[in-house]
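Subject: Structure handover

Hello,

Here is the structure you are taking over. My notes on what was found follow below it.

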Amino acid sequence: MHYRNLLLPFALLACICSQAQTTVSIDSCRNLALRHNKAIAVADQSIVGAGYLHKAAKAAYLPGIDFAATYMYNQHKIALLGADAKLPTMSFDPKTQSYKYNVLTNPETGAPIVDPKTGTPIPTEVAVIPKEAMTYDVHNVVAGAFTLTQPIYMGGSIRAMNEITKYAEQLATSMRNSAVEDVVYSVDEAYWTVVSLVQKQRLAQSYANLLDTLYSNVQDMYTEGVATRSDVLSVEVKRNQAQVTLTRADNGLSLARMALAQVCGLPVNTQMTLEDEELNGVRDTGTAPAVTNMEDVYARRQDLASLRTGIKIFEQQEKLARSAMLPKLALVASWSFSNPNTIDGFEKRFGGGFSVGAVLQVPIWHWGGNLNKVRAAQAETAAQRLQLEDAQTMVDLQVSQARFRYDEALKTLNMTRTNLASADQNLQNATFGFKEGVLTSEDVTAAQTAWLEAHSEEIDASIGVQLCRVYLGKVLGLMKY
């Protein structure tokens, strides 16, 4: 059953695009529009993108592994000594059982002889470290590291981001549903406009036929001398006006069919015969959706669902802003390498090793910057709540107006049907009186004009009831698409 429902719109599209005369239902038009509407396609992609962002936010719970590498050319070598280093030496004294510096002493006093320039004792022996031994070639340096970072506590920012992305996906779905409702309503409006103009075109044709018959009868009466030339001209003027009305109806119907095809995503020259062109489904108006508890209406409305989801997002943004005021702890492990390597005396080969540690960051003082961010997020949440309250008030007004419009449309339809019966009877009487010679052609044309207006008003009222019912279902959140 599901496969058949999926394939039906595509089969219908193939038949329509082949220019075959196809009978199309309002459900088929809705399905075609939903599959070809670019705004809905964009909304679908927004849902897909929001889903990926949610998955990306979940990944923040898991450890991240990164690799970084660098190459650097240095002009100079690194020399740890500016010149050869001369270090004093020490010898072990058995008498004192300790080491003593080998310094030059006064033979008479045994006191160390001091260098007059530096003020330090003059050593008798030194250990020489050549400058070249402490000079390293770092002209070409390559270094890199594999780093693993595991968040342990980030102040609640990871959880807040997960919630934000989850609600963002729900928001994208609600916005997509709102776009679907708008498309369905526009399709219904275009569909019933075509049905209305089909009826008016047939009505204009019937009116033109009546005037053609009347014109023929008046011509015969003029030939027989029982009617004047003025009677003929008067009927002829009405006849020409009926042809103009018929032409306008034909053009309006053509444009309406093009508009419907465009809404359905089809070529504008597509030929379609609508299932309700006989107005059978419209004249049987059925019942309007019942007005339930307004809390249920609030729960069904997609635009209100978007605002409620927005409140949840702003609440999580408060937590995200607050996380900047809390400590953060992460475990860090890395394996780093370099050439020349610092492990074995700057040898010209790769060398490296592991290191493990923890990183703790504790915010102490930022001059109220983080606190003000939290307050700003709280203000945005409060503003969103006010928008929801205002939107609920507008929904109350919409539902009341839609109900009044529907009730008014029903009353108008009943009145037009009463007027239609009177106009039909009046036209029969006028036609009979004209044939009997008790009424003039002007009386007949007046009755025909009243008949035309009554039928036109009844068509408008029937379509109006249908559109009011659709709109009432929309504001009540009862559209199933």
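Helices (H or I, at least four residues) and strands (E, at least two) are DSSP runs, numbered from the N terminus. Helix H4 is followed by Gly225, whose phi is positive, near 85°. The model is predicted, so local features need pLDDT of at least 70 and side-chain atom pairs count only at pLDDT 80 or more, while totals for chains, interfaces and linings use all residues. Residues are numbered from 1 along each chain as its sequence is written, and side-chain values use heavy atoms, with hydrogens and water left out.

Helices

Helix H4 covers residues 157–224, which is 68 residues. The expected span of a helix is 1.5 Å times one less than its number of residues. For H4 that should give 100 Å, and the end C-alpha atoms are 99 Å apart, which agrees.

Helix H2 (residues 26–36) is largely enclosed by the rest of the structure, because eight of its 11 residues are buried. Buried means under 20% relative accessible area, exposed over 50%, and partly exposed in between (1.4 Å probe, protein chains only). The buried residues of H2 include Ile26, Cys29, Arg30 and Leu32.

Salt bridges

Side chains of opposite charge can pair when their charged atoms come close. A salt bridge is counted when a side-chain nitrogen of Lys or Arg is within 4 Å of a carboxyl oxygen of Asp or Glu. By this rule there are 14 salt bridges.

One of them joins Arg30 and Asp188, at 2.5 Å from N to O. This pair links distant parts of the chain, with Arg30 in helix H2 and Asp188 in helix H4, 158 residues apart. Arg30 is buried at 15% relative accessibility, and Asp188 is buried at 0%.

Another salt bridge, between Asp182 and Lys474, has an N to O distance of 3.4 Å. It also links distant parts of the chain: Asp182 belongs to helix H4 and Lys474 to helix H10 (residues 441–475), 292 residues apart. Asp182 is partly exposed, with a relative accessible area of 43%.

Arg301 and Asp303 form a salt bridge too, at 2.8 Å from N to O. Arg301 is buried at 7%, whereas Asp303 is partly exposed at 33%. Shared partners join Asp27, Arg30 and Asp188 into one network of salt bridges.

Aromatic rings

Rings of Phe, Tyr and Trp (its six-membered ring) pair if their centres lie within 6.5 Å; planes under 30 degrees apart count as stacked, over 60 as edge-to-face and the rest as tilted. By this rule there are eight aromatic pairs. Tyr191 and Trp192 make an edge-to-face pair, 5.1 Å centre to centre with 85° between the planes. Both residues are buried, Tyr191 at 0% and Trp192 at 3%.

The pair of Trp335 and Phe337 is tilted, because the ring centres are 5.6 Å apart and the planes are at 35°. Trp335 is partly exposed at 29%, and Phe337 is buried at 17%.

A charge sits over a ring if NZ of Lys or CZ of Arg is within 6 Å of the ring centre and within 35 degrees of the ring normal. Arg239 has its charged end over the ring of Tyr215, 4.7 Å from the centre. Arg405 has its charged end over the ring of Tyr471, 4.8 Å from the centre.

Regards
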